[in-house]
Amino acid sequence: MIGHSSNASESWKNLPWKQFRKNLFRLQKRVYKAIRVGNKRKAKLLQKLILKSTSARLLAIRQVTQLNAGKKTAGVDGKASLTSEQRLELSNELRIKANNWYHQPLREIPIPKKDGKTRILKVPTIADRAWQCLVKNALEPAHEATFHSRSYGFRPGRSAYDAQKYLFQNLSSKVHGIEKRVIELDIEKCFDRINHSAIMERLIAPASIKLGIFRCLKAGVNPEFPKQGTPQGGVVSPLLANIALNGIEEIHQSVRYADDMVIILKPKDNAEKTLENISQFLAERGMNVSEKKTKLTASTNGFDFLGWHFKVQSNGKFRCIPSVDNFKAFRKKVKHIVNNSNYGATVKAEKLAPVIRGWRNYHRYCKMEGARLSLYHIQHRAFKVFNKEAKQNRESSKQMLDKAFPTIPYSENKHVNVKGEKSPFDGDLTYWSERNSKLYDGETSKALKRQNHKCGHCGLKTLSEEKVHLHHVDENHKNWKIKNLLAVHESCHDYIHTGKNES
């Protein structure tokens, strides 16, 4: 047990995080291997060890309070962030109560959808999120050993790019993609309708974790459907959805990303029979196919999936570009920044850069030719605004434009898919660290290669469970000399800059 300290911030910062990561990964690797050889009893005993582990507990608290995107979102208790002392107190609470955890009610946040409707994001308290993260650390390696190889969403070591590449491999001219059709499957209110018993029956976990998960599910139920639904906003929710949907990929050749799915049909395949089998699979889990949104489409007519538009052209060539909806949403963000009168050109350039880089990076395996996708018109508009705000100083405007619109190298369909059923929990650190390095570009990628795919601060391999940041050693962000650049874990970056300890 880690006690209180008069200097809790320093105490939290100086915990042996590198050793914690090693300890947790060692246990997770053993859980994964136990399930792979069919030894569920051993796996459950190891999961109990993870639940009791100080390393797993503190890493879970750090994940939800310092690293996750929603780290400052409050639950019903109003707590939006924790001090280092409160984190240590939460660790003690988890140590005592993890085996018999009760969830508090969820805070409901309405999120507008593009069809004009709203979905309800149900946010647990920070303490509940920490418990869920701890449990996820125990559940994930067990289920990674059973998940289908064509499921890519919300899984360690897999990404939307794998799904994108799979479609290229199965709709390209080499495999006569021009003759194929696809079913764009939409599951009606997937997260709201998953049957609790469907999750509980398939959960590989000891009784204490199962009880906590059951209480977690009950904390977020819709009174109209008391035995259905997993709360969107919970740390463990995507994993639970994957557990319930696992196996749907075996019905027919397909690719799945969470509840989004594309089924590929050859000319002689029976679409109605395939949909009938999928409907039966979903009905057993309390879900339905949305007849309104599910479409049967010729590959030559094109379809949208994960923010991309896929189409087989009349000459048989496969093309993937950003979807119309994705581009509209992106352009709206850019216009909001460029046209905002609350700050000047320099601040606008700083705010634009991550938006542009993120969009270009996401679409780097697409066909990005033409004025629209090269962002020529958007850049021209931004230049005019910058030029006006820089008082007609064209050189200064050009510099700001270059800063605001960072370039990303494109390599159409060049992504290399993850090998078969490989998992980050299989212990092949060389494969996974090298693969993770390819997710980054520019100086970050070069730094990772120089460092042999290890964090420049803690020395551990950079695996997919944590983002990599580029650190300027002298803290001068204008100094881009090789010796001044280090690729480090996001958490390590936080601890290097001591002022961020409480962020």
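Biologist: Which residues in H2 meet which residues in H6?

Modeller: First, the ground rules. This is a predicted model, where local features need pLDDT of at least 70, side-chain atom pairs count only at pLDDT 80 or more, and totals for chains, interfaces and linings use all residues. Residues are numbered from 1 along each chain as its sequence is written, and side-chain values use heavy atoms, with hydrogens and water left out. Now the contact: Leu24, Gln28, Val31, Tyr32 and Ile35 in H2 meet Asn137, Ala138, Pro141, Ala142 and Glu144 in H6. Contact means heavy atoms within 4.5 Å. Helices are DSSP runs of H or I with at least four residues, and strands are E runs of at least two, numbered from the N terminus.

Biologist: How do the residues of the contact of H2 with H6 divide?

Modeller: They divide into seven nonpolar, two polar and one charged. Ala, Val, Leu, Ile, Met, Phe, Trp, Tyr, Cys and Pro count as nonpolar, Asp, Glu, Lys and Arg as charged, and the others, Gly among them, as polar.

Biologist: What describes the packing of H2 and H6?

Modeller: Two packed helices are described by the angle between their axes and the distance between the axes. Here H2 (residues 17-36) and H6 (residues 126-144) pack at about 35°, with axes 7 Å apart. Axes are lines fitted to C-alpha atoms over the stretch in contact, and angles run from 0 to 180 degrees between N-to-C directions.

Biologist: In which hand does H2 pass H6?

Modeller: The crossing is right-handed.

Biologist: Why is Glu144 called buried?

Modeller: Because its relative accessible area is 2%. Buried means under 20%, exposed over 50%, partly exposed in between (1.4 Å probe, protein chains only). Glu144 is found in H6. Leaving out residues up to four places away in sequence, Glu144 touches Tyr32, Arg155, Pro156, Arg158, Ser423 and Phe425.

Biologist: What makes the pairing of Glu144 with Arg155 a polar contact?

Modeller: Their side chains come to 2.9 Å. A polar contact is a pair of N or O atoms within 3.5 Å; within protein, one must be able to donate a hydrogen and the other to accept it, and residues adjacent in sequence count only if both atoms are side-chain atoms.

Biologist: How do you know that the length of H4 agrees with its residue count?

Modeller: At 1.5 Å a residue, the 14 residues of H4 (residues 54-67) should span 20 Å, and the end C-alpha atoms are 18 Å apart, so the two agree. The expected span is 1.5 Å times one less than the number of residues.

Biologist: What makes H4 mostly covered?

Modeller: Of its 14 residues, 12 are buried. Among them are Arg57, Leu58, Ile61 and Arg62. The cover includes H1 (8-13), H2, H3 (40-52), H5 (84-97), H6 and H19 (490-496).

Biologist: Why does Ser91 count as buried?

Modeller: Because its relative accessibility is 5%. Ser91 is found in H5. Beyond its neighbours within four places in sequence, Ser91 is in contact with Arg57, Leu58 and Ile61.

Biologist: Why does Glu490 count as buried?

Modeller: Because its relative accessibility is 13%. Glu490 is found in H19. Leaving aside neighbours within four places in sequence, Glu490 is in contact with Leu67, Glu466, Lys467 and His469.

Biologist: Is Glu466 buried or exposed?

Modeller: Glu466 is buried, because its relative accessible area is 6%. Glu466 is found in the loop between H18 (442-450) and S10 (468-472). Beyond four places in sequence, its contacts include Arg62 and Leu67.

Key. Left-handed = near helix turned anticlockwise from the far one by under 90°.
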